[in-house]
Amino acid sequence: MTPWIKLRNALLLGASALCGAIPGVTSAQELNLAPGIAIGEGEPLEAATEFRPERVRTLLKSIHGFTLPALVATSTGVTEILTGFIDDANEPMVVRRQAVKALKWFPTDAILTFIEERVYVAPAGLKHLYLQGLSGFARLAPQRVEAVMAVAMEDADITVRYAALNLSRSLGPSTQAASVLRGRLDRELDSRLRKAIEERLEMR
């Protein structure tokens, strides 16, 4: 069995395990890996066979960053571990932030639901990261991503509004997204963000 097949099987198993842990989700959706991620290329790593949260935590803290192949090679049940870290207020913020970043590699219905249930009440720093990661979910559920973007576009924190604008780019020529941006344009006080919104609307 090639490293790619082993890694894909491990990812699907992790998604299935997470679905059972999230209320209202009973089965895993087919895993659609985010475009541009070269799994196994240059990193012939074997998929993990043990559940090792502490190893995932160490990898997330790495000063050199981490890759999807390395993450999957570290432990089984990666999505369960990542979501557990995010919800644990006792985890260092660096671990929680890195775990949120990693969610982009698991664009399933279960993970999207997890994000939707937390993004609106998250601190600005985590909210910004959730929005960044949601671009990988635009093809899975564009209307749900649009709904999150619309709320974030009204956030009091300007970095969150910028993140919402960037998220809108993943939605392509969406009429609903454009309507949200036009509505914000009339009320946006920051001149740089207003200009960025205008440029985004002109590119449709």
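Okay, let me start with one term: when I say buried, I mean under 20% relative accessible area. With that cut-off, helix H4 is mostly covered, since 7 of its 10 residues are buried. And before I go on, please keep in mind that this is a predicted model.

So who is tucked away in H4? The buried set is Val 78, Thr 79, Ile 81, Leu 82, Thr 83, Phe 85 and Ile 86. On the helix geometry, an α-helix has 3.6 residues a turn, so residues three or four places apart point the same way.

Let me zoom out to the whole chain. We have 11 helices and 0 strands, so the pattern along the sequence is simply α-α-α-α-α-α-α-α-α-α-α. The chain has 204 residues, and 45% of them count as buried. If you take contacts between residues at least 6 apart in sequence, 67% of those join residues at least 24 apart. The accessible surface is about 10200 Å², with 53% of that belonging to carbon and sulfur atoms.

Now the inside. As a rule, in soluble globular proteins, nonpolar side chains tend to be buried together. Here, the largest nonpolar core has 54 residues. Which residues have the most contacts inside that core? They are Leu 60, Leu 71, Leu 82, Ile 115, Tyr 130 and Leu 131.

Let's click on Leu 71. Skipping neighbours within four places in sequence, Leu 71 is in contact with Val 56, Leu 59, Leu 60, Val 78, Leu 82, Ala 102, Trp 105 and Phe 106.

Ala 102 takes us to helix H5, which covers residues 93-102. Buried in H5 are Val 95, Arg 96, Gln 98, Ala 99, Val 100 and Ala 102. And what do those buried residues pack against? Four helices: H2 (53-60), H3 (68-74), H4 (78-87) and H7 (124-133).

Phe 66 sits in the loop between H2 and H3, while Trp 105 sits in the loop between H5 and H6, so the pair ties together parts that are 39 residues apart in sequence.

Okay, charges. The count comes to 13 salt bridges, and I'll show you a few. Arg 52 and Glu 54 meet in a salt bridge at 2.4 Å, N to O. Arg 52 is partly exposed at 27% relative accessibility, and Glu 54 is partly exposed too, at 36%.

Then there's Arg 184, over in helix H10. The side chain of Arg 184 meets Glu 154 in a salt bridge, 3.1 Å from N to O. This one links distant parts of the chain: H10 runs over residues 175-185, and Glu 154 lies in the loop between helix H8 (142-152) and helix H9 (158-169), 30 residues from Arg 184.

Follow the shared partners and you get one network of Glu 154, Arg 161, Arg 184, Arg 187 and Glu 188. Leaving out neighbours within four places in sequence, the contacts of Arg 184 are Met 153, Glu 154, Arg 161 and Ile 197. One further distance: the C-alpha atoms of Arg 184 and Arg 194, 10 residues apart along the chain, are separated by 8.5 Å.

Tyr 120, Val 121 and Val 151 make a nonpolar surface patch of about 300 Å². Tyr 120 is in the loop between helix H6 (109-119) and H7, and at 38% relative accessibility it counts as partly exposed.

Terms used
Residues numbered from 1 in each chain as written. Predicted model: local features only at pLDDT ≥ 70, side-chain atom pairs only at ≥ 80, totals over all residues. Heavy atoms only, no water. Core = buried A, V, L, I, M, F, W, Y, C linked by side-chain atoms within 4.5 Å. Buried < 20%, exposed > 50% of the residue type's maximum accessible area, 1.4 Å probe, protein only. Contact = heavy atoms within 4.5 Å. Helix = DSSP H or I, 4+ residues; strand = E, 2+ residues; numbered from the N terminus. Areas by Shrake-Rupley, 256 points an atom, 1.4 Å probe, with all protein chains shown as cover. Patch = residues over 30% accessible without salt bridge, like charges linked within 9 Å, V, L, I, M, F, W, Y side chains within 5 Å. Salt bridge = Lys/Arg side-chain N within 4 Å of Asp/Glu carboxyl O.
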